[in-house]
Amino acid sequence: MVSETMTDIAAPAVIKKPVRESQRALMWRRFKQHKLALVGLWIVAAFYLVALLAEFLAPVEPGAYNPRYTYAPPQAIQFISSNEDGSWAFGPYVNGYKSTIDKKAMRRTFAIDPEVKIPLQFFAPSEPYKLAGFIPLSVKLFGVSDPKTPLYILGADRLGRDLLSRLIHGTRISLSIGLAGVTLSLFFGIIIGGFSGYYGGWFDSVVMRVIEFIRSMPTIPLWLGLAAALPKDWSAIQTYFAITVILSLIGWTELARVVRGRFLSLRTEDFVTAAQLDGASDWRIITRHMVPSFMSHIIAAATLAVPGMILAETALSFLGLGLQAPIVSWGTLLQDAQNIRTLATAPWLLTPGICVVVIILSLNFFGDGLRDAADPHGR
Amino acid sequence: MSTLLKVENLSKSYSLNSGLFGPTRTLAALSDVNLTVEAGETLAVVGESGCGKTTLGRCIIKAQPATAGTVTYYPKGHEAVELTALNKRQIKPWRQDIRMIFQDPMSSLNPNMRVFDIVAEPLRIHKIAKGKELEDRVVSTLEKVGIAADGVGRYPHAFSGGQRQRIGIARALVLDPKLVIADEAVSALDVSIQAQILNLLEDLKSDFGLTYIFISHDLGVVNYIADRVVVMYLGHVVENAPTEMLFERPRHPYTEVLLEALPIADPLRRKGRNVEVRGEIPYLGNRPVGCPFHTRCRYAQDICRAERPALRPIHGTAQQAACHFAESLDLKGAYEAPATGTYA
């Protein structure tokens, strides 16, 4: 025993390689026990991957239209085809359409034509584009060799645009607006809430009253009013950022409250007093002693705030006051599904709604799991 | 012995706001506290909860600003420093000399920092050591308080209460301080651990040449560790005496009551108790006129209700007491002749 201790002193390498698990490892272990959260994490990760690789994954351009195929129904991808001579072939393909024009109703109706087989091709060549804005590519994950043949895996909208491609591009906008909004909220929330909680006093009272005032306003009319005030001649990018700012205008209040609460409760903790008595500066106390002990809570709170942002953007865009065409987001896509006639004839236009539900639930479960795991010591 | 720290007329009051438009009242937690701490002694500050002993410690170390009065520190080979007059930047170098040990070992260590970083933090803040030197100093300080070197990479939650208190002590001692304020340093620990920590504090005192201000409500602990005792009541110092004298013959009725409340593990001696404290401790915002203790004192006379006695030396002793009848009262101490009789 004694000799063991002696060698420990002689070899301080022990200090550098602690056997204990780090905070992060403890959090991960706790997080993994929450199965729903784990599933949520994978789904969220998959969605964000889609958002990142949108141009590569979408078989056609989101704006490409074809009036011959308005409201074309979804084609099912099939893998095994039987030829006329009875032999079998393996390879993904979709069937073509047989279209008839209904003279009375003045519209085209489509039926799947099992005779026509349109083979799908992996890494199909395409027009050159830049992946995520900077990687030049001229190949898509999959596509058809002849660009004239129809490919509508999730169906087409009223202009004959491919819903799948639009959905994939919409994912990018909708998910990134959630992240950007939360980042902006987090920035203001941490700074304002932090000041408020750490220094207290009149500043704290003023900030709290302002937050109460903002939160007492009904959000939808406020958003509508602000969104309606945006100049119509703004470019797509400008509108995008303006909407982000409008969403975080309310979002920061929630996070500021969380941050302030944590600061208030930590400020009187003995270990913070100890740091003050060590002579540490306010900056050091905040960044080294206080923030690390609630950063995980903040991340969890921020994760739980993302779905709110996504929903808000979807709601605004659905009402036609958020993002405007030609920007593709889930909200603008759902605008097409506003009337019952369209829904009756083209129910596939509701797929963006399913995406919204799935991502919101996943983010909520993920956030819940994070929040539970943020307390790895079960304090 | 030379004086290390002098507290003069130290007062601390809090203002209480009752509502937005309500009246502002002041609540005096400390009033006119005077005491000196000699280099090398252990000065205990005792009293009931709410008597201002913790506030005194926090005002001395400037964890809270005092409302009035001065705290003067006399460093060796340096002219006297009036701590109460310094701002945050000016006081920083003196924070190395005066350190604090906290009551609750669960909340006084940052749960997100490894033990090594907790103890190294003061060295880093004061830029005293870095690299290998810092490592050596942290590890050797932890060794001295009885934490093995293989524990330095762990988080505080991996340690027991007693071990955590040792880490807290290491954090206080790593800067090589002169004066350590131990605020109820053993109160949160169970009795066997208390003894270990008290012995550790005693050992460290001689190793490091420390002076302690030991804040406690436990007279048993105080009797064990202190050289001198300051008794506080309602923010006033009511008695200041060498430990033995105070336990032998207290000079203030409040001290007598405190000593009487010491638990006695002997049923025969317990029977002989007759001093009981009357009433409740008065609300601080509504302190009695005259002697602060007169509402509960069984020796109180008219003068006690009218005039506040000052803390004054008792003739012929090394004791100081704030009582009009300090010389004439024959108060009962805690050292008594062994009980006679049989354990039936």
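In chain B, Tyr73(B) sits across from Val81(B) of strand β5. This is a predicted model, in which local features need pLDDT of at least 70 and side-chain atom pairs count only at pLDDT 80 or more, while totals for chains, interfaces and linings use all residues. Residues are numbered from 1 along each chain as its sequence is written, with chains lettered from A and ligands numbered from 1 in the order in which they are written.

Strand β4 (68-73) of chain B meets β5(B) in an antiparallel pairing over two bridges; strands here are DSSP runs of E with at least two residues, and helices are runs of H or I with at least four. Pairing takes at least two DSSP bridges between two strands. Chain B puts four strands into an open antiparallel sheet, ordered β2-β1-β4-β5. Since β2 (24-38) and β5 (81-82) of chain B are at the edges with a single partner strand each, one side of each has no neighbour in the sheet.

Elsewhere in chain B, β6 (98-101) runs parallel to β7 (179-183), joined by four bridges. Ile101(B) faces Ala182(B) of β7(B) across that pairing. What about the two faces of β6(B), which are both covered? Ile98(B) and Met100(B) on one side are buried, and so are Arg99(B) and Ile101(B) on the other (buried: 20 or more other C-beta atoms within 10 Å of the residue's own, placed from the backbone). In a regular strand, side chains alternate between the two faces of the sheet.

Chain A splits into domain 1 (35-52 + 167-373) and domain 2 (69-160), with bounds from an automatic or database domain assignment. Their C-alpha centres are 37 Å apart.

Note on methods: A residue is buried if 20 or more other C-beta atoms lie within 10 Å of its own, exposed if 12 or fewer, and partly exposed in between; C-beta atoms are placed from the backbone.
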